[in-house]
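I opened this notebook to record what I looked up in the structure shown below. The entries are grouped by topic.

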Amino acid sequence: MSKSIMQPIGQKRLTNVAVVRLKKHGVRFEIACYKNKVLSWRSGVEKDIDEVLQSHTVYSNVSKGVLAKSKDLDRAFGTDDHSRICVEILEKGELQVAGKERESQLTSQFRDIATTVMQKTVNSETQRPYTISMIERLMHEIHFAVDPHSSSKKQALDVIRELQKQFPIKRSPMRLGLTIAESNVSSLLEKLDAWNANVVSKDESGNQLSVICELDPAFFRECDGLVRNLQGRLEILAVSVHFEGETHVDDFDDFDDAPSSKPKERTESTVVAQLSEKMQKQTITSEKNDEGEVKQQRCNTCDAFVGDAKQYRIHFKSEWHKHNMRRKTRNLPPLTAAECLADVDLDDFKSDLKDYSF
């Protein structure tokens, strides 16, 4: 006697899914989505909801395959239309990720925050920038915890405020170019003095005065408002007066011999001049290659000689090389080291302006 085998019909197994969960009126609702598509949908990159949802079905528990009850849907959303409810959950719900994936995301965001802090600060005693490892250690000492629902830039500013309470750290000043009528100069200089701004240069032209100064970003909006009221013009010359890289660290070599001396001023022209001099030395050395004295490695991406094999490996990790790699993918010509620094600063101006609101 044969026995019939009972098998499930139309069973759909939801595996390898990203779950978005929303709790409303005390009831939990979940939808099953494709991994890496939820963030694309929320950022506006993905427009086709069928590419995001694995099924237009609302569950109370995706992993167990338990569907949400119609009465619960009506009470919470005012409708039992699963497609409409899926869109609302997708926009307002919380994305559930695995433990290892969450840990990886938090670690990556922690690093991004530390990098932003490093770029925006210097040691208030030595005027040197902190290294990324030092910033991370200080963040651990103040028991900083990453908030995955907050932007990295906002959290970086909060970290700076906390670090300033315990460690010698301050915002690196920004360089501004101010042009104002000569009759209003006294009011401007008085304010700059009150803000402890460092006036780099003054240039009189007709009945106008152009001032280049280095100012704490905390006073940027106030300075911008003052210049507007005085019917002047403000131009951002540099978001930060220090730059990353070996040239920045080398500038402070003299301070080791005289730590109590006042740090020398560092200007963009100094950086550009030093980079140009370095490039010239590399070019001269590369010419010696023909005579067999020193072998120089050439980077085709940056179209420049970058030194011996060790320097060549270091160059591949530099922001100069990475920036030219991005330009190469867009079929743009390579930039010199000095041009790269200026190009990166210009790209960051708009995105950084909103951060100067301590």
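**Entry 1: cysteines.** I took a disulfide to be a pair of cysteine sulfur atoms within 2.5 Å. By that criterion the structure holds 0 disulfides. Cys 299 is likewise in no disulfide, the nearest cysteine sulfur being that of Cys 302, 3.9 Å away. I then looked up accessibility, where buried means under 20% relative accessible area, exposed over 50%, and partly exposed in between (1.4 Å probe, protein chains only). Cys 213 is buried at 0%, and Cys 299 is buried at 2%.

**Entry 2: basis of the values.** I note that the model is predicted: local features need pLDDT of at least 70, side-chain atom pairs count only at pLDDT 80 or more, and totals for chains, interfaces and linings use all residues. Residues are numbered from 1 along each chain as its sequence is written, and side-chain values use heavy atoms, with hydrogens and water left out.

**Entry 3: an open sheet.** For secondary structure I used DSSP runs, numbered from the N terminus: helices are H or I of at least four residues, strands E of at least two. Two strands pair if DSSP finds at least two bridges between them. I traced an open sheet of 4 strands in the order S9-S10-S8-S11, with antiparallel pairing. Which strands stand at the edges? They are S9 (198-205) and S11 (233-238); each has a single partner strand, so one side of each is left without a neighbour in the sheet. Neighbouring strands of this sheet are turned by 20° against each other on average, direction ignored. Strand S8 (residues 174-181) is joined to S11 by 5 bridges, and Gly 177 stands opposite Glu 235 in S11.

**Entry 4: helices on the sheet.** Here contact means heavy atoms within 4.5 Å. Axes are lines fitted to C-alpha atoms, for helices over the stretch in contact, and angles run from 0 to 180 degrees between N-to-C directions. I found helix H7 (residues 185-194) lying across S8, S9 and strand S10 (208-215), at about 160° to S8. Helix H8 (residues 220-229) lies across S8, S10 and S11, at about 145° to S11.

**Entry 5: aromatic rings.** I counted rings of Phe, Tyr and Trp (its six-membered ring) as paired if their centres lie within 6.5 Å; planes under 30 degrees apart are stacked, over 60 edge-to-face and the rest tilted. The structure holds 3 aromatic pairs. In one of them, Phe 29 and Phe 77 have ring centres 5.1 Å apart and planes at 65°, so the pair is edge-to-face. Phe 29 lies in strand S2 (residues 27-33) and Phe 77 in helix H2 (residues 70-77), 48 residues apart. Phe 29 is buried at 0% relative accessibility, as is Phe 77 at 14%. Trp 195 and Phe 219 form a stacked pair, 5.9 Å centre to centre with 20° between the planes. Trp 195 is buried at 6%, whereas Phe 219 is partly exposed at 27%.

**Entry 6: Thr 301.** I located Thr 301 in the loop between strand S12 (297-299) and strand S13 (304-307). Thr 301 is buried, with a relative accessible area of 14%. Not counting residues up to four places away in sequence, Thr 301 touches His 321, Asn 324, Met 325, Lys 328 and Pro 334.
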